[in-house]
Amino acid sequence: NNVSKMNKKINLAFFVLFTAFSVNAQMATFKKELVRPAQLSYYAINHLGDTSSIVSNEIAKEALLRTYTFKDPFLGAIHWYDERNPLQQLVFYKNTQRIVLLDNQLSVKDKIVLMDRYPELDAVFVSLTAQGSIWIFDGATKRWCIISAQTDQPQFVSNPIPSVDFVTTSGNFAYWQVNQNVYGMDVYGKIVQEEKLPSKAKLLAINGKHFVYQLNNGVFLLDTENKETERLREVTFEIERAFFNAKTISLLSKDKLYLYNIN
């Protein structure tokens with residue numbers, strides 16, 4: 001009858017609409033936009049909701065009941081801070097070739113003077129692997145290597161990469177951008193699938209399957225597993241740095257700080 005046919009049409013229309021909505025569900029949700037404080041070089045929110053920031057080379061972690069801080073003015077400018085493992089965090093001072101390892105209350109666990117322990121290295125980028133050993137991209141040989149407390153010598157795990165636009169890591173994987181191609185490898189030197197970004201895209205950060213990159217003044221989130229790309233439409237300025245932590249993305253432009261949640 002006509003009523004039955006109409007119900008079928010309504011159900012079909014609802015199914016099509018629901019399917020379209022499901023396919024186009026947002027990968028990231030805009031949380032807020034803030035004025036970037038002077039001298040702020042890092043900002044992130046962890047899985048507990050604690051915020052971490054670096055202002056004038058002082059790290060501050062604001063937990064629910066108290067704030068922890070760390071600063072060593074004799075080591076110079078902080079080039080990279082890796083807090084993704086809460087039990088062992090890493091601070092890298094590129095200009096003085098120093099690494100400081102911190103616990104979850106920002107107390108010093110260890111200090112590594114690369115020039116003394118590994119004088120052959122010229123560290124350009126340093127971060128932690130998922131097992132607590134240390135990734136280093138060596139500027140002298142243009143190779144990735146790993147150092148740990150168990151080894152006296154750096155373990156080189158890549159061939160030389162003579163021309164590189166950007167390097168970063170995510171857990172047990174290291175990545176580098178050359179033109180529009182992003183290459184990756186694991187801690188054993190095994191190459192992972194190459195990803196191709198749009199021409200002139202600038203990679204900003206990687207967290208597992210998620211890449212964030214800038215193209216002109218637009219910022220995009222790429223899901224490499226599902227091959228989906230989403231523009232983060234609230235960002236209309238050039239981004240200086242981007243940080244993943246847990247399910248959040250922090251983006252620093254010259255004057256603003258943008259925060260997103262990954263869905």
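**Exercise 1. Find the side-chain polar contact of R36 and describe its setting.**

Solution. 
Step 1. The side chain of R36 makes a polar contact with the side chain of E240, at 2.8 Å. A polar contact is a pair of N or O atoms within 3.5 Å; within protein, one must be able to donate a hydrogen and the other to accept it, and residues adjacent in sequence count only if both atoms are side-chain atoms.
Step 2. This is a predicted model: local features need pLDDT of at least 70, side-chain atom pairs count only at pLDDT 80 or more, and totals for chains, interfaces and linings use all residues. Residues are numbered from 1 along each chain as its sequence is written, and side-chain values use heavy atoms, with hydrogens and water left out.
Step 3. R36 sits in the loop between β1 (28-35) and β2. Strands (E, at least two residues) and helices (H or I, at least four) are DSSP runs, numbered from the N terminus.
Step 4. R36 counts as buried because its relative accessibility is 17%. Buried means under 20% relative accessible area, exposed over 50%, partly exposed in between (1.4 Å probe, protein chains only).
Step 5. Leaving out residues up to four places away in sequence, R36 touches S41, E240, L252, S253, K254, D255, K256 and L257. Contact means heavy atoms within 4.5 Å.

**Exercise 2. Is N226 buried or partly exposed?**

Solution. 
Step 1. Locate N226: the loop between β20 (218-223) and β21 (228-231).
Step 2. Relative accessibility is 44%, so N226 counts as partly exposed.
Step 3. Take the C-alpha distance to F243: 21 Å in space, for 17 residues in sequence.

**Exercise 3. Which residues have the most contacts inside the largest nonpolar core?**

Solution. 
Step 1. A nonpolar core is a set of buried Ala, Val, Leu, Ile, Met, Phe, Trp, Tyr and Cys residues joined through side-chain atoms within 4.5 Å.
Step 2. The largest has 50 residues, and I59, I99, L114, I134, I136 and W144 have the most contacts inside it.
Step 3. Strand β2 (residues 40-45) gives the largest share, five residues.
Step 4. A second, separate core has 17 residues, including A28, A205, I249 and I262.

**Exercise 4. How many cavities of 30 Å³ or more does the whole structure hold, and what lines them?**

Solution. 
Step 1. On a 1 Å grid over the protein atoms alone, a cavity is a set of points where a 1.4 Å probe fits but cannot get out; a pocket is an open set with protein on both sides within 12 Å along at least five of seven lines; lining residues have an atom within 4 Å of a point. Grid points are joined across faces, edges and corners, and a volume is the space filled by probe spheres set on the points.
Step 2. The search finds two cavities.
Step 3. Of its 16 lining residues, W80, R84, A242, F243 and F244 are closest to the centre. β22 gives the most, four residues.

**Exercise 5. Which residues lie closest to the centre of the largest pocket?**

Solution. 
Step 1. The volume is about 330 Å³.
Step 2. Of 17 lining residues, H79, W80, F125, F166 and V167 are closest to the centre.
Step 3. β22 gives the most to this lining too, with four residues.
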